[in-house]
Amino acid sequence: MQASVPRWEAGTSLMEFVDDDDYAYFLGDDIFVWPIATADWSITIVAPDDLEGRWVSPFDSSKVLEAGTRLDWEVPLDAYPVFVREGSAVGETLEGILAQY
């Protein structure tokens, strides 16, 4: 994965799709998104084998991804399957914002 700032400066997308089957993507270097494509909000997330670090949902800290892990999740209406790299500045900022609600 390229660094976000050089991609931005080069005018390329910050979105990097993992594959075409499930539409999962990285948004920059520290956010991983798994779109919901079912009517009942039940999903099975399979983390990429080359996922570096530990990734935690800012909506439910018990939802954690690491390389090659599988997570079955019935996503509640007040959450979304997005994961933030643990220890990143993005994660700290999101925690502060979500704590207000």
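Colleague: Where does Lys63 lie?

Modeller: In this predicted model, Lys63 sits in the loop between strand E5 (55–56) and E6.

Colleague: How do you know that Lys63 has no salt bridge?

Modeller: The nearest side chain of opposite charge, that of Asp60, is 4.3 Å away. A salt bridge needs a side-chain nitrogen of Lys or Arg within 4 Å of a carboxyl oxygen of Asp or Glu, so none is counted for Lys63, although Lys63 is buried.

Colleague: Which residues does Lys63 touch, not counting residues up to four places away in sequence?

Modeller: Trp55, Val56, Ser57, Leu71, Trp73 and Phe83.

Colleague: Why does Trp73 count as buried?

Modeller: Its relative accessibility is 5%, and buried means under 20%. Trp73 therefore counts as buried. The same cut-off applies to Phe83, which is buried because its relative accessible area is 0%.

Colleague: What makes Trp73 and Phe83 an edge-to-face pair?

Modeller: The ring centres are 6.0 Å apart, with 65° between the planes. Rings pair if their centres lie within 6.5 Å, and planes over 60 degrees apart count as edge-to-face.

Colleague: How many aromatic pairs does a search of the whole structure find?

Modeller: The search finds 5. One of them is Phe26 with Phe32, at 5.0 Å centre to centre and 50° between the planes. Planes under 30 degrees apart would be stacked and those over 60 edge-to-face, so this pair is called tilted. Phe26 and Phe32 are both buried. Ring pairs also join Phe26, Phe32, Trp34 and Trp55 into a cluster.

Colleague: Which residues of strand E7 (residues 70–74) are on the covered face, and which on the uncovered one?

Modeller: Leu71 and Trp73 form the covered face, while Arg70, Asp72 and Glu74 form the uncovered one. In a regular strand the side chains alternate between the two faces of the sheet.

Colleague: What makes E4 and E7 a strand pair?

Modeller: Strand E4 (residues 42–46) is joined to E7 by 5 bridges, and the two run antiparallel. Pairing takes at least two bridges, so E4 and E7 pair. In one of the bridges, Thr44 has Asp72 of E7 as its partner.

Colleague: Where is confidence lowest and where is it highest?

Modeller: The chain averages a pLDDT of 84, and 91% of the residues score at least 70. Confidence is lowest in helix H1 (residues 4–10), with a mean of 64, and highest in strand E6 (residues 64–65), at 95.

Methods. Residues are numbered from 1 along each chain as its sequence is written. This is a predicted model: local features need pLDDT of at least 70, side-chain atom pairs count only at pLDDT 80 or more; totals for chains, interfaces and linings use all residues. Side-chain values use heavy atoms; hydrogens and water are left out. Buried means under 20% relative accessible area, exposed over 50%, partly exposed in between (1.4 Å probe, protein chains only). Helices (H or I, at least four residues) and strands (E, at least two) are DSSP runs, numbered from the N terminus. pLDDT is the predictor's confidence in each residue, from 0 to 100. Lys and Arg count as positive and Asp and Glu as negative; His and the chain ends are not counted. Contact means heavy atoms within 4.5 Å.
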